[in-house]
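Please find below a colleague's note on the structure shown here.

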Amino acid sequence: MHGIDEETWLAFLDGEAAPGVEGHLRWCVECAETVEQLRALRGTLLAEARRLRDAAGISEARMEQMLDACLEQLACDREWTPQQATYLLRSLLEPFCGAGAAKTITELTIRKSASQGFDPAGWRLFVGNLSRNVESICGIATGRLIARAGFSLSVGSA
Ligand SMILES: [Zn+2]
């Protein structure tokens, strides 16, 4: 975005030092708004995922309601780059398996499924693979959450 590559943006969002990004955000309103939106959404998704994680023993119907509420947060009317969407999916995953594992699973899946880049078909393939990998580590419910969330995000090719 605006001459800064996606990996640098992602590193910045993960809290790593990125002087180029910080300098850019001082004058670029568009990017500053995107970063603000991503951070706010990440906070919401973390909270929703924690609620889902801690909801053991509630009824299936109530769980579905909570899941829908969670996914509604993702249905805002903008398109994300695949890297931004990945960042958001990771926020959902963290409460279930920890930040380190969430990052590792996501990166391994990207390497395996997105070697051709992330066109919309590539994104669907990635989400499917991520969901299966998550399922084998964190269980069926979490895998399903990731699949539903991934497919409800609007992703454009970066
Ligand atoms: Zn910008």
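1. Glycine 15 counts as exposed, having 7 C-beta neighbours inside 10 Å. The residue sits in the loop that links helix H1 (6-13) and helix H2 (19-25). Its C-alpha atom lies 26 Å from that of aspartate 77, a residue 62 positions apart from glycine 15 in sequence. As with everything that follows, this refers to a predicted model.

2. Valine 29 belongs to helix H3. Valine 29 is likewise exposed, with 8 other C-beta atoms within 10 Å; the cut-off for this class is 12 or fewer. Between valine 29 and isoleucine 58 there are 43 Å, C-alpha to C-alpha, for a sequence separation of 29 residues.

3. Helix H4 (residues 60-72) passes a simple geometric check. As to burial, the number of buried residues among the 13 of H4 is one, which means that the helix lies largely in the open.

4. How are H3 and H4 oriented relative to each other? Their axes come within 10 Å and cross at roughly 170 degrees. Since angles over 145 degrees count as roughly antiparallel, the two helices are therefore roughly antiparallel to each other. On the H3 side the contact involves Glu48, Arg51 and Leu52, and on the H4 side Met66, Leu67 and Cys70. Sorted by class, this contact comprises four nonpolar, no polar and two charged residues.

5. In soluble globular proteins, nonpolar side chains tend to be buried together.

6. Which residues does leucine 89 touch, not counting residues up to four places away in sequence? They are Thr106, Leu130, Ile146, Ala149 and Gly150.

7. Is cysteine 138 buried or exposed? With 20 other C-beta atoms within 10 Å, cysteine 138 is buried, the threshold for that class being 20 or more. Cysteine 138 is placed in helix H7. Leaving aside neighbours within four places in sequence, cysteine 138 is in contact with Phe96 and Cys97. The C-alpha atoms of cysteine 138 and leucine 93 are 9.1 Å apart, although 45 residues separate the two in sequence.

8. Aspartate 119 occupies the loop between H6 and H7. Having 15 other C-beta atoms within 10 Å, aspartate 119 is partly exposed. A separation of 8.6 Å is found between the C-alpha atoms of aspartate 119 and valine 155, which are 36 residues apart along the chain.

Technical notes:
Residues are numbered from 1 along each chain as its sequence is written. This is a predicted model: local features need pLDDT of at least 70, side-chain atom pairs count only at pLDDT 80 or more; totals for chains, interfaces and linings use all residues. Helices (H or I, at least four residues) and strands (E, at least two) are DSSP runs, numbered from the N terminus. Two residues are in contact if their C-beta atoms, placed from the backbone, lie within 7 Å. Axes are lines fitted to C-alpha atoms, for helices over the stretch in contact, and angles run from 0 to 180 degrees between N-to-C directions. Angles under 35 degrees count as roughly parallel, over 145 as roughly antiparallel, 65 to 115 as roughly perpendicular and the rest as oblique. Ala, Val, Leu, Ile, Met, Phe, Trp, Tyr, Cys and Pro count as nonpolar, Asp, Glu, Lys and Arg as charged, and the others, Gly among them, as polar.
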